[in-house]
Amino acid sequence: MAAARGPRPRPGVLDIAPYVPGTSALPGARPVIKLSSNETPFGPSPSAIEAYHAAAGDLSRYPDGSARPLREAIAALHGLDPARIVCGAGSDELLNLLACAYLGPGDEAIYSAHGFLLYKIAILARGATPVAAPETELTSDVDAILACVSTQTRLVFIANPNNPTGTYLTFDEVRRLRKCLPSDVLLVLDAAYAEYVRKNDYEPGIELVTGSPNTVMTRTFSKLYGLASLRIGWAYCPPSIADALNRIRGPFNVSGPAIAAGVAALKDQSWSQAAMEYNELWRGGLTESFAGLGVGVTPSAANFLLLHFPNGDGRTAPEADKFLHDRRIILRRVEEYGLPHALRMTIGTEDENRAVLEALTAFMSANSAARR
Ligand SMILES: Cc1ncc(COP(=O)(O)O)c(C=O)c1O
C-alpha cells in the first residue's frame, strides 16, 4: 500500500537552511565564556528586571495589543510619532512581517553578500528570490546593490551596521541608495546595533523614514538594552507600512512583561549610556591588541569584532575555534555567512575579553613557533 502523503510546505520552504544560532554551551559542567550572540555583558537595567518581576502579578491578562506604553516610550525618547511605530517579538518578527507583507512568488529581494542570515530565510519563506549583492571590503556597496535591481525587485534589506562584519554605511550612502532605488522598492534599514555606533557620518534611518513613503527602520532591545530573551523589537514606518504590519501581526505579539521591562529599560538611559561607553573603549582596545597578534580585525561600529585568521599553518579559524573551546570560550563561527576564515567575537566583560586575548596570544604564538 502506498504511504499516505501528508501535507507539504509551499515550494521553497524546504530550500531554507535553518538559522543556526551561535553556540551557547560546550560539553561538560564547567562554566563557559559565551561571546557568540552579541548580547550585552551587563544584562538589562535593574529597573527593567524589577518591572519584569512586577508584571508577574498580571500574567492572566492579555497585554495591550498595540504595545502602546512601549511605543509611547520609544517615541518620547527618539522624538517620533508613536502611531508610526510597530512593536514585535524581536526585530526578527518585524523583518519577517515586512517580507510577508511585501514579497511573494516571482518577486526579488536584495541583501548584501555577508548580510544578516535572516534576510535570506525571510525572503525564501515568502516564495521570493533572494539576490545577494557583492560587498566592497566587507561593507555594503550601494552601486553593487543598485546593479542588482530588476523589474522584479520589491525590497532591499540592509543591516547598518551589519552583522557579522560590523561595518556600516554612511548616511550619505544610505540616502544615495534610497534616492536611486525605484520608489516602489521598500528599503529596510535594520539598525539592530545603531546604539553602539559612534560616527558623525552615521544615521540609523529615522530621518529617511520620516521623509519617505518607502523606507522602514527596525531596532531591537536585544543588544544594548540586554533584553534578548524577552524578544522586543520595533519598526519605525511610513503610516501605510505601519498599517500593513498591524493588519498581519499577531494581535498580542509583544508580551506584558516585555512591554513593562522595555519601558523601564528606556527610562534608565544612564545604564545604556555606560554600556555604550564601555563598548567603545573595548572595541578600540581589542582591535589594536588583536592586530598586534597577527589576527586581522574588520573595523567595527558595533558590539562585536570580526576576527580573521590565516588560511593555514595550524592557525585557521576552525583551529582557533577548537583551541578556544578547549579553554571554555565560545565565539561565533561564520562559515554560513561566507566567511570561513573568520570568527566573530562579542565584546564581553573585562575578564572575558582578557581571557580571549590571552588564549589567542597563546594560539597564535604556539602555532607560529611550531612552523619555525
Ligand atoms: C543585524 C541583526 N538584525 C536583527 C537581529 C534580530 O534581533 P532580535 O530579533 O533579537 O531583535 C539581529 C540579531 O542578532 C541582528 O544581528
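Visitor: A salt bridge is a side-chain nitrogen of Lys or Arg within 4 Å of a carboxyl oxygen of Asp or Glu. How many salt bridges does a search of the whole structure find?

Guide: This is a predicted model, in which local features need pLDDT of at least 70 and side-chain atom pairs count only at pLDDT 80 or more, while totals for chains, interfaces and linings use all residues. Residues are numbered from 1 along each chain as its sequence is written, and side-chain values use heavy atoms, without hydrogens and water. Searching the whole structure gives a salt bridge count of 15.

Visitor: Which helix holds both Arg354 and Glu350?

Guide: Arg354 forms a salt bridge with Glu350, with the closest N and O atoms 3.1 Å apart. Arg354 is partly exposed because its relative accessibility is 43%, and Glu350 is partly exposed at 40%. Helices are DSSP runs (H or I, at least four residues) and strands are runs of E (at least two), numbered from the N terminus. The two residues lie 4 residues apart, about one turn of the helix, in residues 350-371, helix α12.

Visitor: How are α1 and α9 oriented to one another?

Guide: Axes are lines fitted to C-alpha atoms, for helices over the stretch in contact, and angles between N-to-C directions run from 0 to 180 degrees. The axes of α1 (residues 46-55) and α9 (residues 256-267) come within 8 Å and cross at roughly 155°. Angles under 35 degrees count as roughly parallel, over 145 as roughly antiparallel, 65 to 115 as roughly perpendicular and the rest as oblique. The crossing angle therefore makes α1, relative to α9, roughly antiparallel.

Visitor: Which residues in α9 do Ser47, Ala48, Ala51, Tyr52 and Ala55 meet?

Guide: Contact means heavy atoms within 4.5 Å. By that rule, these residues in α1 meet Pro257, Ala260, Ala261, Ala264 and Ala265.

Visitor: In which strand is Thr218?

Guide: Thr218 is buried because its relative accessibility is 0%. Not counting residues up to four places away in sequence, Thr218 touches several residues, including Ser91, Leu94, Asp190 and Trp234. The place of Thr218 is in residues 215-220, strand β7.

Definitions and conventions: Buried < 20%, exposed > 50% of the residue type's maximum accessible area, 1.4 Å probe, protein only.
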